[in-house]
Number of protein chains: 2
Amino acid sequence: MKTKNKTRNLILGLLCESPLSGYEIKKIVDSRFSFFWSESFGQIYPVLEKMKEDGVILETESANTSGRRKIRKYEITPEGIAEMTFWLTEPVEKETVRYEILLKLFFSNLVSPEVMIEHIREFQRNHRKQQLLFDGFEKELTNTIHLHNNHPQVLMTLLFGQKVYKAYDEWCTEAIDLLRKIKPEQECAT
Amino acid sequence: MKTKNKTRNLILGLLCESPLSGYEIKKIVDSRFSFFWSESFGQIYPVLEKMKEDGVILETESANTSGRRKIRKYEITPEGIAEMTFWLTEPVEKETVRYEILLKLFFSNLVSPEVMIEHIREFQRNHRKQQLLFDGFEKELTNTIHLHNNHPQVLMTLLFGQKVYKAYDEWCTEAIDLLRKIKPEQECAT
DNA sequence: TTAGGCATGTAACCCGTTACATGATTTG
DNA sequence: CAAATCATGTAACGGGTTACATGCCTAA
């Protein structure tokens, strides 16, 4: 039962709450998980097929609603719940992050400081957009408190995002300041 | 010239400073880049071969020193420097992070809070170890100031690590506190 | 009517890890 | 001598993205 496939666990987790289609899974990930997870259709659909074969989920031919294209809804089986709870107890694997922005920064003495400043500004802009979304989520959650039994857990993931993104933001500001102090003659090439 | 292969850029960057072997590249990444980058031998050696073919690096048959096994040293070519500077000016691609710990947390109402508390403790321990290394690096750097012309850039990557890991650490403490407050009857299953 | 969102799926490709094989040299 | 470390390499595999193909429905 050694599941390296995290997509599989994501799907199992979502289906623990309610049956969903592949399309809906993707939408949920894109909207609520985007700051710590991502999935593509090219991954989701084949994995769903495999999971059906393995008997951890089953298709609940949930209607051809109003002559629309067939929507394949899936629900979790007891085997699926067992697999999910097993995975939850397994230790978290060491994540292998790769911050392209830090790699560029590390070697950025090959180009003018302005280049790197612009990269960091862009990074800061993108992450500030996400920070605004955090605030929205938080309000949404405090309004619907106790509606979901995983409410505290959701808040905690949010808290993670808020703290880390705040750290990103502060770093961006400081890094830009530091880069501005670098004299052009210290460069290697342009 | 659309390089998606980041390993290639890492190698180019390192070779800008001095010629290196595949083994040395791996050691540098493991020791100094580990908190924001990772590489495996199975990736490095084939990429080096490909880069040689493409003429961005060349092998400088750096001696069979004292009858030892042949060490293949590589140095960068002008084409390699051009490729690297081009990549540095290209925008940073949106990173797709996947925090397994947050995915587990999000769905952790399926198991007892103690399970998740232990995962977070482990996460905190691992990252605190790295935080100690940051302090060591910093001292090392302040001693050798001005020895390398990318000194400020290195310090900035370090600053990033320090800020983000501090955010991790604070979150861990708060999250564990919050999890302790969850009453067992709020769970779904065990 | 056409653009865009809903919905599913596949093929090609790349990226990267793991595991293994090989062999030399150093150190206990 | 055995174990660890230095050093290079390959094969197998899996994970994941991108791009494409298909088709339906709704709203401008």
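Me: Let's begin with the contact between the two chains: how many residues does it take from chain A and from chain B?
Reply: This is a predicted model, where local features need pLDDT of at least 70 and side-chain atom pairs count only at pLDDT 80 or more, while totals for chains, interfaces and linings use all residues. Residues are numbered from 1 along each chain as its sequence is written, chains are lettered from A and ligands numbered from 1 in the order in which they are written, and side-chain values use heavy atoms, leaving out hydrogens and water. With contact taken as heavy atoms within 4.5 Å, chain A gives 64 residues and chain B gives 64 residues.

Me: What is the area buried between chain A and chain B?
Reply: The size of an interface is often given as the accessible area lost when the parts come together. Here that is the loss for a 1.4 Å probe, summed over both parts. In chain A, the residues that lose the most area to chain B are Arg98(A), Phe106(A) and Phe160(A), together 11% of what that side buries. Carbon and sulfur atoms give 71% of the total, which is about 7,000 Å².

Me: How many salt bridges does the rule find across the interface of chain A and chain B?
Reply: Side chains of opposite charge can pair when their charged atoms come close. The rule asks for a side-chain nitrogen of Lys or Arg within 4 Å of a carboxyl oxygen of Asp or Glu. Lys163(A) and Glu174(B) form such a bridge, with their closest N and O atoms 2.9 Å apart. Across the interface of chain A and chain B, the count is 8.

Me: Which element gives the largest share of the side of chain A that touches chain B?
Reply: Elements are DSSP runs numbered from the N terminus, with helices (H or I) of at least four residues and strands (E) of at least two. Those giving two or more residues to this side include helix H1 (6–17), helix H6 (113–143) and helix H7 (151–181) of chain A. With 17 residues, the largest share comes from H7(A).

Me: Which kind of aromatic pair do Phe35(B) and Phe36(B) form?
Reply: Rings of Phe, Tyr and Trp (its six-membered ring) pair if their centres lie within 6.5 Å, and planes under 30 degrees apart count as stacked, over 60 as edge-to-face and the rest as tilted. Phe35(B) is buried at 4% relative accessibility, and Phe36(B) is buried at 0%. With 5.1 Å centre to centre and 75 degrees between the planes, the pair is edge-to-face.

Me: And how are the planes of Tyr165(B) and Tyr168(B) arranged: stacked, edge-to-face or tilted?
Reply: Both residues lie in helix H7 (residues 151–181) of chain B, 3 residues apart, about one turn of the helix. Tyr165(B) and Tyr168(B) are both buried. Their ring centres are 5.3 Å apart and their planes stand at 40 degrees, so the pair is tilted.

Me: Which residues are linked with Arg8(A) in a network of salt bridges?
Reply: The side chain of Arg8(A) meets that of Glu83(A) in a salt bridge of 2.7 Å, N to O. This pair links distant parts of the chain, helix H1 and helix H4 of chain A, 75 residues apart, and both residues are buried. In the network, Arg8(A) is linked with Lys50(A), Asp54(A) and Glu83(A).

Me: How far apart are the closest N and O atoms of Glu49(B) and Lys52(B)?
Reply: Both residues lie in helix H3 (residues 41–54) of chain B, 3 residues apart, about one turn of the helix. Glu49(B) is partly exposed at 36%, and Lys52(B) is partly exposed at 28%. They form a salt bridge in which the closest N and O atoms are apart by 4.0 Å.

Methods
Buried area = accessible area lost by both parts, 1.4 Å probe. Buried < 20%, exposed > 50% of the residue type's maximum accessible area, 1.4 Å probe, protein only.
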